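Below are my notes on this entry. They take the contact between the chains and then one annotated residue.

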Amino acid sequence: MSVVIPSPTNTSRYLQTTIIAARYDGGVVIGSDSRASMGGVYVSSRVINKVVQVHDKIFCCMSGSLADAQAVTNAVIHKLNFHSMQMGEPPLVQSAASIMRQFCYNHRDELSAGFIVAGWDRKRGPQVFEVSLGGMVVEQEFTIGGSGSTYIYGYTDAKFKPGMTREQCLSFVTNALTLAMDRDNVSGGVAHLAVVTESGAERQLIPGNKLPMFHRI
Amino acid sequence: MATAMAMNRLQHLSSSNNLVPDWISQEVSTGTTIMAVEYDGGVVIGADSRTTTGAYIANRVTDKLTPIHDRIFCCRSGSAADTQAIADVVTYQLGFHSIELDEPPLVQTAANLFKEMCYRYREELMAGIIVAGWDKRRGGMLVRQPVSVGGSGSTYIYGYVDSNYKSGMSKEECLRFTAGALSLAMERDGSSGGVVRLASISEDGVERQVILGNQLPKFSSA
């Protein structure tokens, strides 16, 4: 990935986001910021929701070129729906990740978008997958992505523990998003969260002024 | 003259094919993680210990905490040659200034001397320096900030530092905080690694310690 020089005339939209998903005992928490910027200088949308529901209990987060990400996500929703109807049962999270990967890998020369796929299914419970730029799929306990994620590698490495409760996981994801949004100029706005468990999916929105405050250095 | 020409030819060779390894012609750089935290009565500074030329680790036990005066240190990041040269010049200038004044120099003076050098030659240099120390007037003082991080590895720990720093920490807490942050950065940054070198500077003097790789604080891995 080449370095993008911020300027108003550079309208490419690379990796301008912070996305995160984490697994806890019983479900997953997925979160993203809400800023879309052009050239790293102009905020083209301050309320965009990068957490997209691809099925009842499967969500995905977009990063990278938002146009590419939206195109792929729409294609995945369509294909996953069809697959689910054929199977006659809700799809597996792994299937969603696999379909995502097919698109990303087969068109890897044209696309530049990375995803996090997370959700709950009956076979293996809560899962988090990272589908990166070229089409690699890795299952992880938690994963972070986007330009803002570089600033929180240290924090998430230190703070994540497997087998957290739902509240602990929510505060882990919220804190991580807040810290990244505080430091990354192309991430910001509100925190969009989604919690997926066996009983269903629930969306939350935390406005900017309700985000946790950290010591201002 | 002859060496300069040979270097150019080597660079051309290495850039045009993959048979020549990149460390033959790459500049020696301290892509690094450095950090300094102020506590009541002093300052704790820390750095990793890796110096690289391209992908080769030229020195895995580098000391990037350079004394400039009895109670003033600098943490160096960027080009190893540039920062060593600047540090040598400032050490000389500060020593002279201190003799003229007949008392230990202020940390702010040291920082200003660094600033003069880095700014005047900013086109030629590549250096990121944290100046930290203790002086009689301001106590333990990091220039203008209670916490500072620098180097290529620092981007990975902004979130950790923002969330874990609290004002009024004791010296031990500062040491643990710095060691923890440096370990996390060294885990993620390819250009930082080796051992953690710490120094705490206060009115009573300078205490140095080294934390070896296998003794670094561990965090739960995912």
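1. How many residue pairs are in polar contact between chain B and chain A? The count is six, with both residues at pLDDT 80 or more. A polar contact here is a pair of N or O atoms within 3.5 Å, where one must be able to donate a hydrogen and the other to accept it, and residues adjacent in sequence count only if both atoms are side-chain atoms.

2. The model is predicted: local features need pLDDT of at least 70, side-chain atom pairs count only at pLDDT 80 or more, and totals for chains, interfaces and linings use all residues. Residues are numbered from 1 along each chain as its sequence is written, chains are lettered from A in the order in which they are written, and side-chain values use heavy atoms, without hydrogens and water.

3. In the interface, 20 residues of chain B are in contact (heavy atoms within 4.5 Å) with 19 residues of chain A. The two chains bury about 1800 Å² between them, 62% of it on carbon and sulfur atoms; this is the accessible area (1.4 Å probe) lost on being put together, summed over both parts.

4. Two salt bridges (a side-chain nitrogen of Lys or Arg within 4 Å of a carboxyl oxygen of Asp or Glu) are found across the interface of chain B and chain A. Asp157(A) and Arg188(B) form a salt bridge through their side chains, at 2.9 Å from N to O.

5. The UniProt annotation "active site", from an unreviewed entry, covers Thr32(B); such annotations may be inferred rather than shown by experiment.
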